[in-house]
Amino acid sequence: MIPPKYRQLTVSRPIYSEDLFKEEYEKVQRHHKTMLDHLKAYFSCSKQKAKSVALTLLPIASWLPAYRFKEWIVQDMISGVSTGLVSVLQGLGFALLASVPAGYGLYAAFYPILIYFFFGTSKHISVGPFPVLSLMVGAVVNNLVPTSINATDVTLNERRVTVASSVTFLVGIFQLGLGILQVGFIVIYLSQTLVSGFTCAAAVNVLISQLKFILGISIDSPSGPLSNIWVLRDIFTQLHKTNIADLVTSIIIMIVVFVVKELNDRYKAKLPVPIPIEIGHSICLCGNILISNVSSSFGIRYQAPVAPDFEVLKNSVMDAFSMAIVGFAIAFSVAKVYSIKHDYVIDGNQELIAFGLSNMFCGSFKGFAASTSLSRSAVQESTGGKTQLAGLISALMSMIVILWIGFLLYPLQKSVLASLIVINLKGMLMQLREVPYLYRKDKPDCVVWIVSFIASVLLGLDIGLAVALGIELITVLFRTQYPRCEVLANIEGTEIYKDKKDYACVFEQEGVKIFRCPSPIFFANIDFFREKLTAAVGFNPLRILRKRNKALRKLKKLLKKGELQVTSRGLVLANAVVLSESEDDLNPEELDKPVNCKDFPVEINWNDDLPANIQVPRIYLHSIVLDFSSVSFLDISALKGLKALFKEFIRIDVNIYVTGCDSYIIEKLEQCSFFDNEIKSSIFFLTIHDAMLHIQETHPQTTRPNIGDNVKLSPYNYLFNNAIGL
């Protein structure tokens with residue numbers, strides 16, 4: 001068998017321009033759907049479509065009948081119990097981030113799962129409180145109900161719960177509305193780099209917010225830009241008031257949990273199941289409760305649904321929208337990872353609807369905003385969970401705590417919950433390690449990460465997200481507005497064309513420039529495209545055109561006065577002539593027109609010396625090949641700019657050829673009257689090599705690459721019937 005590097009492919013075919021290719025191969029006429037066609041299809045109705053819509057809106061109807069009860073029920077139960085233990089503890093802990101009493105975190109761990117069980121499309125994510133989202137809720141709560149107001153603890157807590165639940169309801173409305181409008185694609189504008197920097201910054205915000213509980217000191221919780229700086233200032237000024245018992249308890253718990261998690265990570269290949277540190281958490285909490293020896297009731301019970309506070313809704317619109325986007329982006333990214341791993345499909349629009357209904361339902365029962373937790377989802381998947389039945393069982397764990405053992409949680413130290421929150425931030429904080437990698441591999445992405453992180457830490461998560469999105473869009477515009485343009489050359493002995501700066505054995509044909517722009521061409525970069533092309537060819541075509549028209553006008557004037565004579569040797573001055581530099585009689589618009597030498601008695605060679613010391617820049621370029629294989633679209637501004645640029649080159653006898661152009665773009669050029677008596681459709685060729693062989697036919701005197709006996713042909717060598725001996 002011949003090794004791959006020695007294999008050769010020989011193709012024999014004519015030189016194809018786009019016009020010749022269309023003549024030889026008939027193109028299928030397809031009907032392109034209009035917006036009206038899409039609307040008709042969307043609003044059409046049939047039995048099959050009604051069934052499909054019903055199964056889409058209620059995914060449980062498709063997976064529950066196919067549930068393998070004997071095979072999956074045990075695994076789902078084990079997964080549900082394990083996830084439930086984590087969910088209860090995280091619900092209690094994340095309630096501190098949301099600035100509401102810890103017991104209300106159990107509602108956030110219970111209600112959203114009930115709705116997602118019916119409407120969600122992911123089989124493995126654990127729906128419930130998420131630290132970033134909880135912190136964003138807490139920022140709104142602290143802003144609308146600051147601790148400095150005069151109120152009893154009970155009244156203050158009730159007001160805070162009302163704010164948190166109302167904001168959650170509004171988050172659900174936004175998510176439901178986006179889902180109904182089918183804009184689940186909105187998550188694509190949150191890149192992985194942006195989400196990484198944002199979540200890492202959120203972890204720092206969470207860490208700072210929990211320091212007061214770990215240290216056992218009492219400080220205000222300011223909100224808004226630079227709030228973290230004020231919190232750190234207050235913590236350092238009151239550091240001498242640290243509660244040693246809280247600090248020691250927190251340190252012990254964090255050390256134990258950290259060690260066990262490290263052991264799980266290091267020996268995960270050898271351990272049949274991870275060490276259940278969540279059960280250890282529960283034991284620690286029970287021990288803490290028994291030592292406290294307090295028997296007061298925690299007051300956790302199911303409560304009747306309440307309507308949201310419309311004053312809160314009015315004051316938290318932008319915050320709620322930010323939370324809706326962030327919560328969905330995190331949940332969808334986690335769900336996508338598991339859907340790829342286990343080979344099933346998730347629907348972004350249906351996920352928006354599911355989370356929207358979940359948050360509306362949760363907010364009605366005094367819970368706070370839900371998304372998914374990376375750690376909980378990892379537990380649910382790694383312990384064998386097959387479907388959202390595991391999530392339903394984890395919700396039952398929360399229900400047991402709410403109904404029967406919630407009163408035992410009253411004496412629980414906040415430092416215990418804070419330490420559990422902080423130690424679980426390790427994964428998000430370790431994302432800082434991505435910065436050196438991004439700096440080496442992709443500096444614009446590194447800028448997005450750093451700006452996202454710094455803005456979210458200093459300005460708050462809501463403003464930080466807006467700033468990060470702005471910077472990300474700027475980097476996208478920067479990449480498209482200033483693409484890396486290349487001048488290509490032929491790899492000797494092949495039909496391959498590469499950047500001439502990257503290879504040694506390249507041949508650049510005399511009188512020809514091959515230029516590639518690997519980007520869409522539109523209003524923002526058409527001027528950049530022009531600048532790069534003129535820099536590549538070494539002259540400004542419009543300047544050359546004007547110089548030639550001025551020179552022609554001067555020559556005609558001399559000929560008319562008899563000071564210039566036509567001889568067998570060409571143009572000869574009869575007498576010494578001093579030409580005036582005055583150009584008052586020249587019309588600028590006339591200078592931009594094609595050089596008209598029809599009524600001139602001899603043909604002018606603009607690269608020769610002209611009489612009367614008339615100076616015109618010489619150019620030795622006769623053809624430009626533009627590689628449009630990477631140009632995905634052109635807008636109207638780009639079309640007008642390209643048309644003007646092409647005409648400038650054509651008017652100074654430099655031919656333009658375009659290769660690899662998408663058929664959609666050619667159709668658009670035809671529709672927009674791009675072609676005329678100067679710009680012909682025949683300038684479009686299938687490949688660069690087709691255009692180069694055509695140029696060699698039309699300019700046979702040009703030096704050609706030595707593709708002969710002394711050069712080994714490439715693995716993909718074209719042999720054309722009429723390729724001038726190649």
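Modeller: Start with a cut-off: buried means under 20% relative accessible area, and exposed means over 50%. The model is a predicted one. In strand S7, Val512, Ile514 and Arg516 on one side are buried, and so are Lys513 and Phe515 on the other.

Biologist: What makes strand S7 largely enclosed by the rest of the structure?

Modeller: Five of the five residues of S7, residues 512-516, are buried, so the strand is largely enclosed. Both of its faces are covered.

Biologist: Which strands pair with S7, and in what sense, parallel or antiparallel?

Modeller: Pairing takes at least two bridges between two strands. Strand S4, residues 486-491, runs antiparallel to S7 and is joined to it by three bridges. S10 pairs with S7 over five bridges, in the parallel sense. Both counts meet the cut-off, so both are called pairs. Phe515 stands opposite Val487, and its bridge partner in S10 is Leu626.

Biologist: Why is Asp627 called buried?

Modeller: Its relative accessible area is 3%. The limit is 20%, so Asp627 counts as buried. Asp627 sits in strand S10.

Biologist: What does Asp627 touch beyond its neighbours within four places in sequence?

Modeller: Its contacts there are Leu488, Phe515, Arg516, Cys517, Thr659 and Ile688. With Arg516 there is a side-chain polar contact of 2.7 Å. The cut-off for such a contact is within 3.5 Å, so the pair qualifies.

Biologist: How do you know that the length of helix H26 agrees with its residue count?

Modeller: H26 has 15 residues, 636-650, and at 1.5 Å a residue they should span 21 Å. The end C-alpha atoms are 21 Å apart, which agrees. Its buried residues include Leu639, Leu642, Leu645 and Phe646. Among the elements covering them are helix H24, strand S10 and strand S11.

Biologist: What makes Glu670 and Lys22 a salt bridge?

Modeller: The N to O distance is 3.5 Å. The cut-off is within 4 Å, so the label holds. The partners lie 648 residues apart, Glu670 in helix H27 and Lys22 in helix H1. At 44% relative accessibility, Glu670 counts as partly exposed. Lys22, at 39%, is also partly exposed.

Biologist: How far apart are the closest N and O atoms of Glu262 and Lys426?

Modeller: They are 2.1 Å apart, and the pair forms a salt bridge. Glu262 is in helix H11 and Lys426 in helix H19, 164 residues apart. Glu262 has a relative accessible area of 26%, so it is partly exposed. Lys426 is partly exposed at 30%.

Biologist: How many salt bridges does the structure hold?

Modeller: It holds 24.

Biologist: Where does the UniProt record place the feature "transmembrane region"?

Modeller: The unreviewed entry lists several spans, including residues 239-260 and 320-340. Residues 320-340 are 100% helix and 0% strand, with end C-alpha atoms 30 Å apart. Residues 239-260 are 77% helix and 0% strand, with their end C-alpha atoms 30 Å apart.

Definitions and conventions
Residues numbered from 1 in each chain as written. Predicted model: local features only at pLDDT ≥ 70, side-chain atom pairs only at ≥ 80, totals over all residues. Heavy atoms only, no water. Helix = DSSP H or I, 4+ residues; strand = E, 2+ residues; numbered from the N terminus. Expected span 1.5 Å × (residues − 1). Buried < 20%, exposed > 50% of the residue type's maximum accessible area, 1.4 Å probe, protein only. Contact = heavy atoms within 4.5 Å. Polar contact = N/O pair within 3.5 Å; in protein donor to acceptor, adjacent residues only side chain to side chain. UniProt positions renumbered as here; feature names shortened; annotations may be inferred. Salt bridge = Lys/Arg side-chain N within 4 Å of Asp/Glu carboxyl O.
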